[in-house]
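Visitor: I would like to learn how to read contacts, cores, aromatic pairs and pockets from a model. Could you take me through them one by one?

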Amino acid sequence: MVNGLDANLEQIKAGMAWWYEKYRKEQTVDDQNEYSEAEKQARARGVGLWIDTQPIAPMGLAQN
């Protein structure tokens with residue numbers, strides 16, 4: 001958290017990061033839902049890395 005904001009979540013909302021589903025077990029169910037929805041919304045809006053129709057995932061990260 002940075003000044004009360006979840007910096008990781010904010011990056012996902014802005015389309016600047018993927019949600020690493022492999023770490024979902026480390027999150028609460030609420031956080032899992034929020035991160036998943038944030039990525040879906042960023043993809044739907046075509047923001048950040050989602051501008052590209054086929055963005056390349058970081059190594060070791062399976063695409064959703």
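Visitor: Which residues does Ile-12 touch, not counting residues up to four places away in sequence?

Guide: A contact means heavy atoms within 4.5 Å. With that rule, Ile-12 touches Ala-17, Trp-18, Trp-19, Tyr-35, Ala-38, Glu-39 and Ala-42. Keep in mind that this is a predicted model, where local features need pLDDT of at least 70, side-chain atom pairs count only at pLDDT 80 or more, and totals for chains, interfaces and linings use all residues. Residues are numbered from 1 along each chain as its sequence is written, and side-chain values use heavy atoms, with hydrogens and water left out.

Visitor: Where does Ile-12 lie, and is Ile-12 buried or exposed?

Guide: Helices are DSSP runs of H or I with at least four residues, numbered from the N terminus. Ile-12 lies in helix 1. For burial, under 20% relative accessible area is buried, over 50% is exposed and anything in between is partly exposed, using a 1.4 Å probe and protein chains only. Ile-12 has a relative accessible area of 3%, so Ile-12 is buried.

Visitor: Which residues make up the largest nonpolar core?

Guide: A nonpolar core is a set of buried Ala, Val, Leu, Ile, Met, Phe, Trp, Tyr and Cys residues joined through side-chain atoms within 4.5 Å. Here the largest one has six residues: Leu-9, Ile-12, Ala-17, Trp-19, Tyr-35 and Ala-38. At least two residues of this core come from each of helix 1 and helix 2.

Visitor: How many aromatic pairs are there?

Guide: Rings of Phe, Tyr and Trp (its six-membered ring) pair if their centres lie within 6.5 Å; planes under 30 degrees apart are stacked, over 60 edge-to-face, and the rest tilted. That rule gives two aromatic pairs. Trp-18 and Trp-50 form an edge-to-face pair, because their planes are at 70 degrees, with ring centres 5.0 Å apart. This pair joins distant parts of the chain, 32 residues apart: Trp-18 is in the loop between helix 1 (7-13) and helix 2 (29-45), and Trp-50 is in the segment after helix 2. Trp-18 counts as buried at 7% relative accessibility, and Trp-50 is buried too, at 9%. In the other pair, Tyr-20 and Tyr-23 are tilted, at 6.1 Å centre to centre with 45 degrees between the planes. Tyr-20 is partly exposed at 35% relative accessibility, as is Tyr-23 at 39%.

Visitor: What else does Trp-50 touch, leaving out residues up to four places away in sequence?

Guide: Besides Trp-18, Trp-50 touches Gly-15, Glu-39, Ala-42, Arg-43 and Pro-55. By contrast, Trp-50 and Glu-34 are 16 residues apart in sequence and 18 Å apart in space, C-alpha to C-alpha.

Visitor: How do I read the largest pocket, and what is its volume?

Guide: On a 1 Å grid over the protein atoms alone, a pocket is an open set of points where a 1.4 Å probe fits, with protein on both sides within 12 Å along at least five of seven lines; lining residues have an atom within 4 Å of a point. Points are joined across faces, edges and corners, and the volume is the space filled by probe spheres set on them. The largest pocket has a volume of about 180 Å³. Its lining includes Asn-8, Gln-11, Ile-12, Trp-18, Tyr-20, Tyr-23 and Gln-27. Helix 1 gives the most to this lining, with three residues.

Visitor: Where is Gln-32, and is Gln-32 buried or exposed?

Guide: Gln-32 sits in helix 2 and counts as buried, at 15% relative accessibility. Leaving out residues up to four places away in sequence, Gln-32 touches Trp-19, Arg-24, Lys-25 and Gln-27.
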